[in-house]
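The notes are in the order in which I checked them.

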Amino acid sequence: MNQIKPTVEETVPILDFGSQYVQLIARRVREAGVRAILIDPTSSAEAIRSLNPVGIILSGGPSSVYQADAPRCDKNIFDLGLPILGICYGMQIAAEILGGKVKKGNAGEYGSARLTIANAPGADDLFTGVPSSTSVWMSHGDQVNALGSDFIPLAATHDCPLAAIRHRSRNFFGVQFHPEVTHTPHGGKILENFLYRVCKASGTWQMGNFMELSTEAIRRQVGSGRVICGLSGGVDSAVAAALIHRAIGDQLTCIFVDNGLLRKNERQNVESTFRDHFHIDLRVIDAEDEFLSALHGITEPQQKRKIIGKVFIDIFKREAKTIQDARFLAQGTLYPDVIESGQGYWRTAANIKLHHNVGGLPAELGFDLVEPLRELFKDEVRRLGEVLGLPETMVWRHPFPGPGLAVRCIGEITKERLELLRDADEIFLEEVVAAGLYRSTAQTFAVLLPVQSVAVMGDDRSYNPVIALRSVDSSDFMTADWSRLPYDLLARVSNRIVNELRTVSRVVYDVTSKPPGTIEWE
């Protein structure tokens, strides 16, 4: 079990029983102004107490409580005197521990259901401001079918008589539905009622407050030591660098490796922001020739990625050795990285995703890690970046792949092909920004294809490369839909590319969603 660290921030730990919606619970609680963290569901009551929680949430999960290997929480958490909310499986496991019975329902409920709230003692604590008849989202086959006299039914649906309950003497509430999903229209209000009416939270989870607490935590961890931060040009490493610099000033040195695979003017933007605006000690490594030489003649995507990663590590290690007394390595690790690395889910192995924010730097570098963003989701990182004073263009920058333009320059990587792609990409982005659509799209970019197409330029026949345009809408990047950009916008982009870049003969638009297609082409 992972070690749980105490905190001075008011916290709602979420015991994660493996629900597909568990991250949404954390996000909704944080959006309501309270710090939420996911923890191992088998954590001891004492370990949970050390977090200084104002309440506890038990998540849903795919198991059945009557199975021999079903995850169980420490029954002593119900003796802590803390408010507890059980959601779906969380309600069922709590009801069973406290004397109720759970069995397979006569009919499963999946999707929207009509919830009727009873006029029962204590119902207002959870349902104030919620219509007495409302839509909720169900996803369960089991249900609580018997309760002792210690429980009060609060709400029901057609197929689930005990859709919401509370305990008479213990501060426990349970809901069989999922208040965290958008398909439960008043779910946010129900969670707010739990947090503020039941838990009496004060709502201190704000980015300004987080910034102050994190600044102090960085100072305590680093002391008088020196920190190295690998800047990628993306929002995560940029925000991490700005936050660490706020905490320790010139004890921070940032390394930015120009691998020749960057977007147009990216190096200049990084230098302007961090060297000129924040006055951070920034080392810019001009490594274009080294990368392009290593990539010469390579067309296979995975081989490109491996080469780029290896060259980056070699260069970073080489430069790090020139920085005296460097003891710490800063990374822009986010909370989803931590969760997907197997540190948050019930029975999730650590091989879903091993985060490697600084190019997969190996452990033998011997640095202690500084990861000030490891509790934040992406949208929270962006808000923190705004509070720190980073430029909007950097805070809201679309994600950019670690291998850079190498996975958008399909086929052989050459300086000439990269320049062509860079110019086409810049035109596309300029027009999307001018149309006011950059913030409403999740990722927008150009791809240089390894094919040529015939064209007529004036009276001459030409046979030139093809540019593909890709823009997707997504909230989590696990799934994505292609952006329905206006036709006149696409026409302007195509017209500019073929006229300003005379070596491009054709422009196409990618209308593939994810799945089946990935967001990037390689």
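The entries below cover the helix, then the aromatic pairs, then charges over rings.

I worked on a predicted model, where local features need pLDDT of at least 70, side-chain atom pairs count only at pLDDT 80 or more, and totals for chains, interfaces and linings use all residues. Residues are numbered from 1 along each chain as its sequence is written, and side-chain values use heavy atoms, with hydrogens and water left out.

Helix α5. Among the buried residues of α5 I noted Ile190, Leu191, Phe194 and Leu195 (buried is under 20% relative accessible area, exposed over 50%, partly exposed in between, with a 1.4 Å probe and protein chains only). Lys200 follows α5 and has a positive phi, near 60 degrees.

Aromatic pairs. I found seven in the structure (ring centres of Phe, Tyr and Trp, the last by its six-membered ring, within 6.5 Å; planes under 30 degrees apart are stacked, over 60 edge-to-face, the rest tilted). Phe17 and Tyr89 have ring centres 5.2 Å apart and planes at 55 degrees, so this pair is tilted. Phe17 is in the loop between β1 and α1 and Tyr89 in helix α3, so the pair ties together parts 72 residues apart in sequence. Both Phe17 and Tyr89 are buried. Trp482 and Tyr509 pair edge-to-face, 6.2 Å centre to centre.

Charges over rings. I noted the charged end of Arg439 over the ring of Trp396, 3.7 Å from its centre (CZ of Arg or NZ of Lys within 6 Å of the ring centre and within 35 degrees of the ring normal).

Methods:
Helix = DSSP H or I, 4+ residues; strand = E, 2+ residues; numbered from the N terminus.
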